[in-house]
Amino acid sequence: MNNYTVLLLISAILVAFAISVFQYYYKTKRSKVNILLAALRFISLLILLVLLVNPKYSKRTTSIEKVNLLVLTDNSGSIVKLSGANDVLLGTQFISKDSKLSERFSTHQFTIADGLDIRDSLAFTATQTNLQEGLKELHQAYTGTQSAVVLFTDGNQNVGSDYQFETFSDNFKIFPVVVGDTTTYTDVRIANINSNKFAFLGNKFPVETTIVYSGSSTINTTASISVNGSKVYQERITLNSQQNTKKLSTLIEAKSVGIKPITISVAALENEKNTVNNHKTSYVEVIDERTKIGIVSNYKHPDIGALTKSISSNEQRDVQLLGATPTAEELEDMSLLVLFNPTRTQLPVINQIKNRGLSSFFILGPKTDWSFINELELGFTKEDLNQTEELLPVKNAGFSLFDSAAFTLEDYPPLAGNLGEVEITKEYDLISTQSIRGVNLNEPLFFVMKEPQKTAVLMGNDLWKWRMQSFRNTQNFDNFDQFIGKLIFYLANDKAKGRLQLTYDNTYANAATAKLYATFYDNSFRLTTTKNLTIKVSGKDVDFEQFLPMIVSNGQFEVDLSHLPQGEFVFTVTEQEERISKSGMFRILDFDLEGQLLSADYKKLEQLASNTKGKLFYPNQLQELKQLLLTENQFTPIQKSHKNMVPLIDFQWLLGLLALSLAVEWFIRKYHGLL
């Protein structure tokens, strides 16, 4: 309390005393009642004035801060399979209920399987184990505090990053207790399968696997890869204690559409105890998703053949010649339409382009009906002088919609086109301008408009000459074909067609991991979560059908499919307002991740303990673990003293005393008729 506050308090006492004396002694008959009333008035005034000054004083408190004892229990199915459940139950009970440990530590219990949970009960039914993720979450939750972690586990992890390489702070020590059978058995197993989730029909896709051997002697065995029941690869392998892993990889041709099982097998060893892990199956979905491109024309022209050859050089593109007046059914599956010298007969096609938001590529030359084109409000018009001219290309170095650096246009022949001023009313990017007899007219020859749908416009014919020139320059058509390929890719990948995006696996090892996610974009291609999305799931080989709503979580839609049985399913996700939908298929396996290993992995747990300056223990060493926890200086409880500045106004009894003194004074005055 500083001198200024002391001075104010003295002044408050004097003022309260002076007012009380003045009110009950000055020109007033002195009596015992007045003395009592003056005293009560003095108390009331003094409390009011002191509360106005509000002095502060220091208050010191002490507390005992205990170290956290975090009992973390592996709740996965492998604990039962390795006969460790009883050790876990007895061990956790011993640690959590020991009175000396409770006196020294603040004990908290958690379970770990595919993540971290507060312990409620132990069932040992989790179908997968992610020790790294659980330890990481626990470390984050207790960052900045001194913690000792007692981890009851068999050390086996089948999902996530390797926990033995996770880094922790110095005040986070881990003491693993290894439960389950630690005997090392001779075993050969398929560790993993790496392959694409999807493959295109007719293409080759990679398959890679790692075979792991546990044992001391040298073995020779055979590994094979089968697709859809047919063996496509086989290799004889040799493994020993030093070279105990073998990686196999091959390319497999996708020959037919559908979900194809990829089974990798390794021949069992003599007297091998666990042969379940000698086989593993993954799935790849072979799809025929070639981009369909239609060419619409009234005329036969070499340009049509050149474009067909160029576009078809990519196997994922299917070019169809639709003639002059294709039907609506023929246009239904098209991703891009190429219109060669369109006339009024193509008005229904152009209306389809506008109504459906299709991308288009207009090739306009001497036979183009420009009066018709100018009426369509396509975003560009041209003054037709009805004069055919040879138009040389002049490349625009600033074109940036896609990489066109290799397409130089140097020494390329002119195109046949009409003279006339071009006016473009929409946002566009210029590929090339036109030049006549060495004079650059700065008029667009080749350009791309971006909105409302992607449209490329070439104002000239004889594009086939450019493809021939590419061959003359490099002895192949690659330069021209790659440029046309990039243009087609840019045009055909219209974002409006992808407003509904799905994320899912075509194969789930078991139903517990089955989830499907969706994102939806509005007409401006902005992410939105206000729509109503539903999913219809039907079984292909099981009698099952269900409609489910998709809920919003973390900025996207998701649905939990963990209730589905084993089998193959087809699904359709639908946005209910605009009826935009997308379909797919997936398979749920009955694969037991927890049954793949035969013994506890004490070596990794020993490394984990070493990394955190802890120590490894076994169930018969719990007394040693207890003694270590009780004697480790780092885990000694700390007595902390806290000094707080407390304002006098926090004392509620002062307000009570003030109310009491005022009330008593009022009753006395009332009783003696002084009011």
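In which strand does Thr-210 lie? Thr-210 lies in strand β9, which spans residues 204–214, where helices (H or I, at least four residues) and strands (E, at least two) are DSSP runs numbered from the N terminus. The structure is a predicted model, in which local features need a pLDDT of at least 70 and side-chain atom pairs count only at pLDDT 80 or more, whereas totals for chains, interfaces and linings use all residues. Residues are numbered from 1 along each chain as its sequence is written, and side-chain values use heavy atoms, with hydrogens and water left out. The pLDDT, which is the predictor's confidence in each residue on a scale from 0 to 100, averages 85 over the chain, and 95% of the residues score at least 70. Among the elements of the chain, the lowest mean pLDDT, 71, belongs to strand β36 (residues 638–647), and the highest, 94, to strand β6 (residues 172–178).

With a relative accessible area of 18%, Thr-210 is buried; the term buried means under 20% relative accessible area, exposed means over 50%, and partly exposed covers the values in between (1.4 Å probe, protein chains only). Leaving aside residues up to four places away in sequence, Thr-210 touches Arg-189, Ile-190, Ala-191, Asn-192, Thr-245, Lys-246 and Lys-247, contact being defined as heavy atoms within 4.5 Å.

Strands of a sheet pair through backbone hydrogen bonds, either parallel or antiparallel.

Strand β2 (residues 67–74) runs parallel to β5, with six bridges between them, and the bridge partner of Leu-70 in β5 is Val-149. On the pairing of β5 with β6, seven bridges are found in the parallel sense, and Leu-151 stands opposite Pro-176 in β6. Strand β5 (residues 147–153) is largely enclosed by the rest of the structure, because seven of its seven residues are buried. Ser-147, Val-149, Leu-151 and Thr-153 point one way from β5, whereas Ala-148, Val-150 and Phe-152 point the other way, and all are buried.

Thr-145 is placed in the loop between α6 (131–141) and β5, and its relative accessibility of 30% makes it partly exposed. Although Thr-145 and Asn-171 are 26 residues apart in sequence, their C-alpha atoms are 6.9 Å apart in space; when residues up to four places away in sequence are not counted, Thr-145 touches Asn-68 and Asn-171.

A further open sheet has five strands in the order β8-β14-β13-β10-β11, again with mixed pairing. Its edge strands, β8 (198–200) and β11 (230–239), each pair on one side only, and neighbouring strands of this sheet are turned by 25° against each other on average, direction ignored. Strands β13 (residues 258–266) and β14 (residues 279–287) pair in the antiparallel sense over eight bridges, with Val-284 in β14 as the bridge partner of Lys-260.

Helix packing was examined for α2 (residues 32–53). The axes of α2 and helix α15 (residues 652–671) come within 9 Å and cross at roughly 150°, which makes the two helices roughly antiparallel; angles under 35 degrees count as roughly parallel, over 145 as roughly antiparallel, 65 to 115 as roughly perpendicular and the rest as oblique. The contact includes Leu-36, Leu-40 and Ile-47 of α2 and Leu-654, Leu-658 and Ile-668 of α15. Helix α1 (residues 3–25) and α2 pack at an angle of about 150°, with their axes 8 Å apart, and are therefore roughly antiparallel to each other.

Notes: Pairing = 2+ DSSP bridges. Axes fitted to C-alpha atoms, helices over the stretch in contact; angles between N-to-C directions.
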